[in-house]
Number of protein chains: 2
Amino acid sequence: MNTGELEELGQQLRVDSVRAAAAAGSGHPTSSMSAADLMAVLFAHHFRYDFARPDHPGNDRFVLSKGHASPLMYAAYKAVGAIDDEELLTFRKKGSRLEGHPTPRQLPWVETATGSLGQGLPVGVGIALAGKRLEHADYRVWVLCGDSEIAEGSVWEAAEQAAYENLDNLTVIVDVNRLGQRGPTRHGHDLDAYARRFQAFGWHTVEVDGHDVDAVDRAYGEADSTKGQPTAILARTLKGKGVEAVQDREGLHGKPLPEAEEAIAELGGPRDLRLPVGGPSAAAERPARHTGHLALPRWDKGEEVATRNAFGEALAALGGARGDVVALDGEVGDSTRAEFFAKEHPERYVECYIAEQQMVAAAVGVAARGWTPYASTFAAFLTRAHDFVRMASVSGSGINLVGSHAGVAIGQDGPSQMGLEDLAMMRAVHGSTVLYPCDANQTARLVAAMADLDGIRYLRTSRGESPVIYGPDEEFPVGGSKVLRSSGHDRLTLVAAGVTVPEALAAADALEGEGIAVRVIDLYSVKPVDRETLRTAAEETGCLVTVEDHHPEGGLGDAVLDAFADGRPVPRLVRLAVRDMPGSASPEEQLHAAGIDAESIAACGRLLVGEAIVA
Amino acid sequence: MNTGELEELGQQLRVDSVRAAAAAGSGHPTSSMSAADLMAVLFAHHFRYDFARPDHPGNDRFVLSKGHASPLMYAAYKAVGAIDDEELLTFRKKGSRLEGHPTPRQLPWVETATGSLGQGLPVGVGIALAGKRLEHADYRVWVLCGDSEIAEGSVWEAAEQAAYENLDNLTVIVDVNRLGQRGPTRHGHDLDAYARRFQAFGWHTVEVDGHDVDAVDRAYGEADSTKGQPTAILARTLKGKGVEAVQDREGLHGKPLPEAEEAIAELGGPRDLRLPVGGPSAAAERPARHTGHLALPRWDKGEEVATRNAFGEALAALGGARGDVVALDGEVGDSTRAEFFAKEHPERYVECYIAEQQMVAAAVGVAARGWTPYASTFAAFLTRAHDFVRMASVSGSGINLVGSHAGVAIGQDGPSQMGLEDLAMMRAVHGSTVLYPCDANQTARLVAAMADLDGIRYLRTSRGESPVIYGPDEEFPVGGSKVLRSSGHDRLTLVAAGVTVPEALAAADALEGEGIAVRVIDLYSVKPVDRETLRTAAEETGCLVTVEDHHPEGGLGDAVLDAFADGRPVPRLVRLAVRDMPGSASPEEQLHAAGIDAESIAACGRLLVGEAIVA
């Protein structure tokens, strides 16, 4: 396309953005208008994509990090013929694929859900990493960011990883329109301020007038030809560009244009230009990934093994059997035991250093390209990536997260290192699976099983050694549980998981010695929860005691309620959990101080069997 | 102190670090040894502090961001005479103040809990901001970071804010020992790599040999005299410095020295040098903060007001009555309505731009200096700061967090903007308070009440307008609830909060029209929860339906269980919550699709009264 055609195309994208927001009565047309020329030139001359085959392995990838500018993206979809004008005007309406912020749940051309700012580039880095390091493909990844979102630290975690991994297949385009939601950004139109930062992080940079289509075209060309490092294009633009009443003015973020018809006229009226996107240059099929026989590690009953070790060994074995498995580490692989995988499969191991947001974002990115990521760090530090996990669930992304060093059982390191709210965080994620094994064989089985689930899957592992109580051939279906003690005259059920399973068993032994028969359930699948077994236990024993190395809110105790919150009779319940802020102490001292060791469990059991209220 | 004395002091700190870790059998001596000279020179010549008066308003502030190097800090405490040698050797033992990672809970000289890396500088920025902008005091803030943690994005959010706010009272010292936990860092000993980044973000930088005490002394002096911008000192050091067996070697992170006695001998043996710290130069008392009459905004019953608006107006009024109130915004003050405060009290309004981790860290920092911060953004985006909230609770910090745009009720913007897991996240924080008002007068009262609570206090507000149902003189104690409908023959209790309160009332009206008397409880205090009222309702009505604009896990429904999880009989329960991933739609359509509108609640009530199980 020539200069005039590109400019016309930019105006069309503006007009359609204004029309879509006007039809919806909400949305972000002004944020779309600033980036319209950037988008027009990208799609017309540089983006290589087959809209009829969004799964083509050679397709370039585009991420709209400034997800609120969705009208622009949808206007571009219309211009390429992927959607029609009628659908464009369904924007933000119930049932429409064209949501307020783009998600891949219904739109096959969207790589990842955006709308929480500062996430598009981190995920884009993951996609580019997959292309360059895992697939050795020559597709490019283009990420369009707003300027406001550059304040998010996650952007700099991403910048660091991209430069370190020499991702010259990655270009970020920053739409520097100088205006955030509530007013000017910190750096206004100072393109240098952004360029200095990206350069310091090892990027090539280009500064450009974002409304000069020829200059933008050259900038993209420069990005295309830059080798060995990613490129950041800093584009000076005007928010609301092209409509005098809103252009470069404050107070108009996130609002339809006040006079849409006039604005459309000022922009030259509707057009119906067709945007020809070049197809993927590489015709390659998706690279073959071997699959072979999975030989999980096996342990004998009675051995003492930390579940984190079992995770590491199982993941290494899984990586041997499945070529799609990728491990990501937050610079604690020696502690989480992800390093076992690194030793056997270094080509599929991504060291993300201490940058948990980027670790999870990279997992989302490689998952978007069909890989099966396992990202692991301390359970406590996964809280750092909570917003990324939340957005991954909006994307419908399938990723495995593993949090080690759960609970007070880690001992001396103290509360900063203890995962005590991870179960609450992960359970509240839509569609998640939450697993918490108590022994090595169970851990290995669950590590393998989680690979094939949908959505966010979380496995919680422990630091210290614990006895192997299951044989290596035992099966552990997700959503199941194990009844470890049971008799016809149980007066109480103890529900435990992870480190509290051995404690519950010891408590059951003690109570049995006093003539009190007790059922013990290993609730290794915290979500989904085994409703049938819990209901049966409730009916047969009348009361349940849950025991968890976690704060009392949102964890195992609350999970058990899932079996009863449908109006059926509820058993008497007691939740034993970590109610005080721990300090430093040995693991045994910690469990006792928290009231979740065998002695405390037995004491609670005695009270309950005596029909007492447990203070 | 002269060169030799400073070097001797550094050796003493090393020896005591080795001794403390040896006595504990765990800990991080090698990470302490790299920074020992940096610490010795700082405390001997630059840090101005009265250890007998840690609350002295003119004291400098020191933050050990690399919290795992706690032995070094405790060794310094011994050297200044704040603790004795006997206490030093209680390191990491049960009951000791000297935890694995430092916390201010028992140690008055610790400003903030560390141990989750990348948090010390962000909080230090908050303290420096308080000193410079709020107090106009001349104390300095010194933050000692590791090099690994510079990979955390939060460091760059902090760097951006510090430079933007011209915090020349802030110095970060980066202990570049080149080794992370599992191996070399990305940049090794390349001090320039760090310096370039800090310079690009607007900092003054100094590169120095971290074991040359005179050079370190000069570097601190340069930081002292640098005006208008913060200073980063990049110090080249060796991990395990001074002991050949561990110095600059991999695989020795977080482990006591293998041969402690030999190592101590190699370091020249124990010493008992006394470290003279200069007192605070400013004798100023804590600046007076006015307190006056609080005139909260008032609304009449029947008005339609969004609770976010009530928050903004109440906060502005509170700021007028109390000079200690500070508001922090994540670049959405026009949406959260924090801008109402900004207009009246611009001198106590901190714009943090889109950097939620830094917003919360700055709140922790100003709270450490005795201010009362309110940090607000969309509820969904507070997930970004989860780890900071977690660590704030470890600190025992008192901060107010406000999350707007809760739930599907926001409508068209879609799931990326909807807080649907915030209640779970905030409830699981130790010692937190979680409030969720349904009308404007209630909101205003709670905004005022939360200021004086301990710990993390969270208020959830809504985007859309809702009817004022309480008079302006009604009181709402934290931990209480309101029974809005009640009779002697209620067959069911609806428990609602926030936007579901009007829905529950409408459902109760509908059911009453069918002859089914229903109790309605407004559970505005989600944590602590009003156990007495819930228990009475359970006894009198037999079954409870909880209704929440939140995912089913960890929110209102689980909170209600708190009233019953002590072994007492439990009522029949149903939890209505957001179980599917929403898309775009109007607020009314969203509530209906989620099954939490009046019609859905009434339908559930009919089933329950009919003794049915609710599928």
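Predicted model: local features only at pLDDT ≥ 70, side-chain atom pairs only at ≥ 80, totals over all residues.
**Domains and the relation of the copies**

Chain A is divided into three parts, with domain 1 covering residues 3-267, domain 2 covering 303-468 and domain 3 covering 482-613. Taken over C-alpha atoms, the centres of domain 1 of chain A and domain 3 of chain A are separated by 52 Å.

Two copies of a chain are related by a rotation about an axis and a shift along it.

Two packed helices are described by the angle between their axes and the distance between the axes.

| Helix pair | Axes come within | Crossing angle |
|---|---|---|
| α1(B) (residues 3-24) and α4(B) (residues 70-79) | 8 Å | roughly 120 degrees |
| α18(A) (residues 500-513) and α22(A) (residues 598-609) | 8 Å | roughly 50 degrees |
| α7(B) (residues 153-164) and α14(B) (residues 356-368) | 8 Å | roughly 70 degrees |

The axes of α7(B) and α14(B) cross at roughly 70 degrees. That makes α7(B) roughly perpendicular to α14(B), and the crossing of these two helices is right-handed. In this contact B:Ser154, B:Glu157, B:Ala158 and B:Gln161 of α7(B) meet B:Glu356, B:Gln357, B:Gln358 and B:Ala362 of α14(B). By class, the contact of α7(B) with α14(B) is made up of two nonpolar, four polar and two charged residues.

For α1(B) and α4(B), the crossing angle is roughly 120 degrees, and the two helices are therefore oblique to each other. The crossing of α1(B) and α4(B) is right-handed. On the side of α1(B) the contact is made by B:Leu9, B:Gln12, B:Leu13, B:Asp16, B:Ser17 and B:Arg19, while α4(B) contributes B:Pro71, B:Leu72, B:Ala75, B:Ala76, B:Lys78 and B:Ala79. Seven nonpolar, two polar and three charged residues take part in the contact of α1(B) with α4(B).

In chain A, α18(A) and α22(A) cross at roughly 50 degrees and are therefore likewise described as oblique to each other, with a right-handed crossing. Here A:Glu503, A:Ala504, A:Ala506, A:Ala507 and A:Leu511 of α18(A) make the contact with A:Ala598, A:Ile601, A:Ala602, A:Gly605 and A:Arg606 of α22(A). The residues of the contact of α18(A) with α22(A) comprise seven nonpolar, one polar and two charged.

**Backbone features**

In chain A, the peptide bond that joins A:Lys527 and A:Pro528 is cis, with omega about -5 degrees, and A:Pro528 lies in the loop between β17 (525-527) and α19 (531-541) of chain A. In chain B, a cis peptide bond runs from B:Lys527 to B:Pro528, with omega near -5 degrees, and B:Pro528 is placed in the loop between β17 (525-527) and α19 (531-541) of chain B.

A further backbone feature concerns A:His405, which has a positive phi of about 60 degrees although it is not a glycine. A:His405 is found in the loop that runs between β10 (399-404) and α16 (422-427) of chain A.

Methods. Residues numbered from 1 in each chain as written. Chains lettered and ligands numbered in written order. Heavy atoms only, no water. Domains from an automatic or database assignment. Axes fitted to C-alpha atoms, helices over the stretch in contact; angles between N-to-C directions. Helix = DSSP H or I, 4+ residues; strand = E, 2+ residues; numbered from the N terminus. Parallel < 35°, antiparallel > 145°, perpendicular 65-115°, else oblique. Left-handed = near helix turned anticlockwise from the far one by under 90°. Contact = heavy atoms within 4.5 Å. Nonpolar A, V, L, I, M, F, W, Y, C, P; charged D, E, K, R; others polar.
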